[in-house]
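Please keep the sequence and the coordinates at hand while reading the points below.

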Amino acid sequence: MSIELKFFHYKTGFVDIQSFCAEHKDLDRYVKETMSQWESSNVTRNYLTLDVQGNCVGVFSLSASTLKDTTPEVRKEGNFPNGIQLPTIKIGRFVVDNSIRGKGVGREMLKKCIYLFIEASKTIGVVGLTVDAKDETDSQGRPIYGYYEKFGFKRLTSEPQDGCWPMILYTGKMKKQYPALFEQEV
Ligand SMILES: CC(C)(COP(=O)(O)OP(=O)(O)OC[C@H]1O[C@@H](n2cnc3c(N)ncnc32)[C@H](O)[C@@H]1OP(=O)(O)O)[C@@H](O)C(=O)NCCC(=O)NCCS
C-alpha cells in the first residue's frame, strides 16, 4: 500500500471532520452532525482514518448487533444452537472521502474492522462481523455488496432488505484467515 494511514477512536473536536466529503447525503450528515451523539450515547463506536497530514480520509462505526431471522443455512454454517438470536458486531457508516477512493483506504479500514472484531471476540461471544451494504452501485456501476464479497463477506438474503444487503463474515472463517491474530491472549 502506498498510502500511510492511522486510525483513531473518534473524540469530539479532536480532528476536523467538517472538511470530510462522502458526497452522499446520509453519510455526510452522519459524520458532520450525528456521529458525536451516537458516540457519546454509546450506540456506536466511531473510528476516523487519518492520512499523514492528519486529514480525515475515512470513517466507520462498530456496534453490537444480532442476527434475528436466521435460516437453516446460517445455523449450519457455524453449527449454531437453535432458538437464539446470534450475536454479531456490525460495521456501519463505512465511507472513504470522495477525493481518495480507489487507493486502498477502504481495504485498510476493513482490515482494521477485522482486527477490532477479533480483539472483541476474545472476550465476548460473536458469530460474525456484519454489514448492511447499500443496494446501490458505485461510479463504475459495480454493486456495493461486491466490495464486501471481495473480502469474504456473504450475502444473507436473496433479495435486498429495506434498501440494503445484509452481509456477514463468519468468525470461523476469520479464524482460518487470520489464525495468528486469534491466538494472541487478551
Ligand atoms: C466502497 C468504498 C468504502 C471503497 O473504498 P475505497 O478506498 O475506494 O476502496 P479500495 O481502494 O480499498 O478498494 C479495494 C479493492 O476493492 C475493489 N472494489 C471497490 N469497490 C468495489 C465494488 N463495488 N465491487 C467489487 N470490487 C470493488 C477495488 O477495485 C480494489 O480492488 P484491487 O485491490 O484489486 O485494486 C468507497 O468507495 C466509498 O466510500 N464509497 C461511498 C460510500 C459507500 O458506498 N460505502 C459503503 C456503504 S455500505
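**Notes on the predicted model**

1. Val 127 is buried, because 21 other C-beta atoms lie within 10 Å, and the cut-off for a buried residue is 20 or more. The model under discussion is a predicted one.

2. Val 127 belongs to the loop between H3 and E5. Leaving aside residues up to four places away in sequence, Val 127 touches Gly 78, Phe 80, Leu 86, Pro 87, Thr 88, Tyr 170 and Thr 171. Met 174 lies 47 residues from Val 127 in sequence, yet the C-alpha to C-alpha separation of the two is 10 Å.

3. The shell around the ligand holds 21 residues, of which Arg 101, Gly 106, Arg 107, Arg 142 and Gly 146 come nearest. Two or more residues are supplied by each of E4, helix H3 (105-121), strand E5 (128-134) and helix H4 (144-150). H4 gives the most, with four residues.

4. By class, the shell around the ligand is made up of nine nonpolar, seven charged and five polar residues.

5. Helix H1 spans residues 25-40, 16 residues in total, and reaches 22 Å from its first C-alpha to its last, close to the 22 Å expected. After H1 comes Asn 42, with a positive phi near 65°.

6. Which residues of H1 are buried? They are Tyr 30, Val 31 and Met 35. The cover over the buried residues of H1 includes strand E2 (45-50), strand E3 (56-67) and strand E4 (86-96).

Terms used
Residues numbered from 1 in each chain as written. Predicted model: local features only at pLDDT ≥ 70, side-chain atom pairs only at ≥ 80, totals over all residues. Expected span 1.5 Å × (residues − 1). Buried ≥ 20, exposed ≤ 12 C-beta atoms within 10 Å, placed from the backbone. Contact = placed C-beta atoms within 7 Å. Near = placed C-beta within 6 Å. Nonpolar A, V, L, I, M, F, W, Y, C, P; charged D, E, K, R; others polar.
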